[in-house]
Amino acid sequence: MKALVRRGRATRQIERRPDEGGVTEYLGFRVASSNYALPVAIVREIVRSGHLTPVPRAPAGVLGISSFRGRVITVIDLGSRLGLASSVVQPTAGPIKIPKLRILMVDIGQETLGYLVDEVLQVYRLAPRDIERATTVGTDVGMHVTGIARPQEGGEVVQILDPKALVP
Amino acid sequence: MSEGEKGKLEFLSEAEEIIEALGRDLVLLDESLRVGPPDPDIVNDIFRSVHTMKGLAGLFGATTISQLTHDLEAKLDAIRLGRAQLTPDVLDLLFRAVDVTHRLLVAEQEGKEPPVEQLEALLQKLRGTKRPSAAAPASEELDLDPSIFAVLTEYEEHRLRTNVEAGLRIYRLRVQFSLLTIDASLEQLKAMAKPHGEIITYLPTGEGTGADSIELDILMASKKTLIELGELLGSLGGTIIEVAKRSKRPAASPTSEPPELPVIEAGTSARAAAEAAIERPGTRPPAPVRKEAERRPQRTSSVPPPDEGKIATVRSVTQTVRVDIQKLDRLMNAVSELAIVKSSLDRLFERIRPASSDRRGIAELVRLSRTFDRQLEAMQQGILEVRMVPLGQLFERLTRVARQVGRNAKKQFNLVVTGAETEVDKLIVEELSDPLMHMMRNAIDHGIEPAMRRLAAGKPEVGTIALNAFQKGNHVLIELEDDGGGIDTERVLEVALQKGLINPADVRSTSRRDVLNLIFMPGLSTRAQAGEISGRGVGMDVVKTNIAKLGGVIDVQSEVGIGTKFAITLPITLAIIRVLVAEVEGHTFAIPLANVREAVQLSESDVFTVDGHEAMTLRGSTLRLARLSSIFELERGKRAHRSTKKFVVVTMAGSARIGLIVDLLVGGQDVVMKALGSSLRSVRGFAGAADLGEERLGLVLDTPSLYEEIVASDRRRGTVARPNG
């Protein structure tokens, strides 16, 4: 029997708009009940997670590879990369199916990497003054966080991630 | 991409092409130099290429390149004009200049500092070796209308003189050309003249021409006699006059009396011309020609006109488009996406079909679907073909390197290249370049012995290196063979022991083949001192890895005193390979069929243990077994195949074989293999991934590297298992 399996379909293409007056757009998402954000400019697309083929011997945090627009993309569990709880309980064998999570296709250096996140939130428009530098914040943020923003008054904080620190 | 970057890319790719052409021409020049004086056409081509390069570099603002090409151009101009001699040393300098230009280009590309020292040294040499020529002007030797001499360029005058010195006859042709076809006619004339001479110049006479035609005076050098030339050029019409050499007949006709010379009205029979010549004793043509003309007068009178079609092809311009390989990749991906859409459509159709009563509509859909499939396949095939390039370009580069290396190492050898027309995927050619260069250097540096030692060993003084390529089924074989000293397996073993690459206890049981294969281990170099030539950072281990990445296999054979032969087997295209799909603990793997010898069923009772590892007997010989589940540490999956029946896939790594144990054989499949992302570069054992259908990726095993890994772990285990002995 042939199961009808859908590959990750683009839920939406992100429009890139030029910065307006120092304002940068960040895409917010949730990983292990914390909010994070990456510059929209480097996020190619958000896709539903499709078939993942695990890669034996891959570095920790690598969930596997997936075919995306004809290319082989390495998919990374952002939760475990950040040292948080993993977004997925990895089955012992076979292609992993993750029905509700999202994969962010992010351009890092020459490669496009897929980052598995629990949920995509929204796009924040932040000016530099909205972002608190990570060095001035306490020690409880990891190396991969460059700054912290509070987009809504009294709302939840969003940690801005350093894309370079995300490579497995 | 910004305009600037685009411009840079265009400059780089065009410059690269020019360098390729330059390299080719220099090799040709080298060859022509061995048989006689340099072919002026090649010198000119080189001059023109350098000139174009200079212009390009200037336009792009690549100052170092334009500086170098400027000096190189001046040098070539001097050679072209006969002001400088084209000695082997000068040729070497030219080779080096092209090499440095390439380096400058690479530096430009990578935004690095150019190799200034090399450049300075080269510039000095280029400027330093000019030698003025003291040859007398040709006008004093030749009986030629001074008005023509006045308009000859320095280059033309030089060519004229060179031809006279070489003993060629000089002819003056006066021909009417139709303005409509003049370009084609001149090309035709050049093509005809080329085999036995050269056209030095053509000048409009400015006489007796109609509105749509032009009369040209053509000055031509040829080995042919006037009569032979008349036969050849008969179809042109017009007159041919031989220009006498004054030095040979000092007292003969002065310049003002050209009618003294034999004149052929082209189109009249050669015999008539010969008779005309006989009537004027003491003038040309000389006696032997007359004899010949008399011997076969019938034939000469019925010379067919030159084959127009044949000559027309000489000037047929190839129509090519340069395409970035990444664009082709994108196209290929788009086609793969199309195939995916198509299969979704098919599934949808199958679902709707039973509910539909429109039988004609269904039939039409089926027909359309088949057409679609065919076109899709044609498209895929088309893209693959576009990616194919002949190995020739790479081989030419290798020839250049070989020449240079040979000179530096003072080794004498002939390089015999066959199969340069063999086509492989462009990407493979690129990736193959470094490994082959390295192997070539090795062959010259370590393979071919110095002449004295060759003679002492009773071998020909000059060595031979053969570079052969040929297609074999879906594969391309590239062989590099030398008749040098061969690999000293004793020495290899000694070094391997020193470096701990092999366990002393295993030495006696290690076969000769295994020892030879040790040269592919990292860190093994049998030369005490890495030579300037071969010590360039890449060892044979890198060669092997690079080739494995292409899905290829390298094998070595060597006999001491006889020579060494490397054979590289490669898939023709990276894009599509045939694989055997197998399952292990629920994971799907693809094994390139190129590496599969056979697959047999395994019953666990056949397995026995040798030296701490599993093996079985297959066709009378022992086959080392390895379980993929333990190599990859795969946990027992819930969905894993439960049967106790397993299979052994006998894979080849060079000439060695190993049996990989899998749970299930799914079948053979043609797949598009893709590289894993650079984030997974450190993961060994996989050559890439392939879409196995239904958008599931399967990992493609890199069997040669798995084999090595297994052998290496056996060695390590051997050390542990036998501490006392």
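Let's start with two strands. Strand 15 of chain B pairs with strand 19 of chain B, residues 646-653, in the antiparallel sense, over six bridges. Val600(B) has Val648(B), in strand 19 of chain B, as its bridge partner. Keep in mind that this is a predicted model.

Now the whole sheet. It is open, with six strands of chain B in the order 15-19-20-18-17-16. The pairing is mixed. Which strands stand at the edges? Strand 15, residues 596-602, and strand 16, residues 608-610, both of chain B. Each has a single partner strand, so one side of each has no neighbour in the sheet. On average, neighbouring strands of this sheet are turned by 40 degrees against each other, direction ignored.

Next, the helices. Helix 16 of chain B covers residues 392-409, and helix 17 of chain B covers residues 426-447. They pack at an angle of about 25 degrees. Their axes are 10 Å apart. Under 35 degrees counts as roughly parallel, and helix 16 and helix 17 of chain B are therefore roughly parallel to each other. The crossing of helix 16 of chain B past helix 17 of chain B is right-handed.

Who makes the contact? On helix 16 of chain B, the residues include Leu394(B), Leu398(B), Val401(B) and Val405(B). On helix 17 of chain B, among them are Leu432(B), Leu436(B), Met440(B) and Ile444(B). Arg397(B) of helix 16 takes part, and so do Arg441(B) and Asp445(B) of helix 17. By class, this contact has 12 nonpolar, two polar and three charged residues.

How values were computed
Residues numbered from 1 in each chain as written. Chains lettered and ligands numbered in written order. Predicted model: local features only at pLDDT ≥ 70, side-chain atom pairs only at ≥ 80, totals over all residues. Axes fitted to C-alpha atoms, helices over the stretch in contact; angles between N-to-C directions. Helix = DSSP H or I, 4+ residues; strand = E, 2+ residues; numbered from the N terminus. Parallel < 35°, antiparallel > 145°, perpendicular 65-115°, else oblique. Left-handed = near helix turned anticlockwise from the far one by under 90°. Contact = placed C-beta atoms within 7 Å. Nonpolar A, V, L, I, M, F, W, Y, C, P; charged D, E, K, R; others polar. Pairing = 2+ DSSP bridges.
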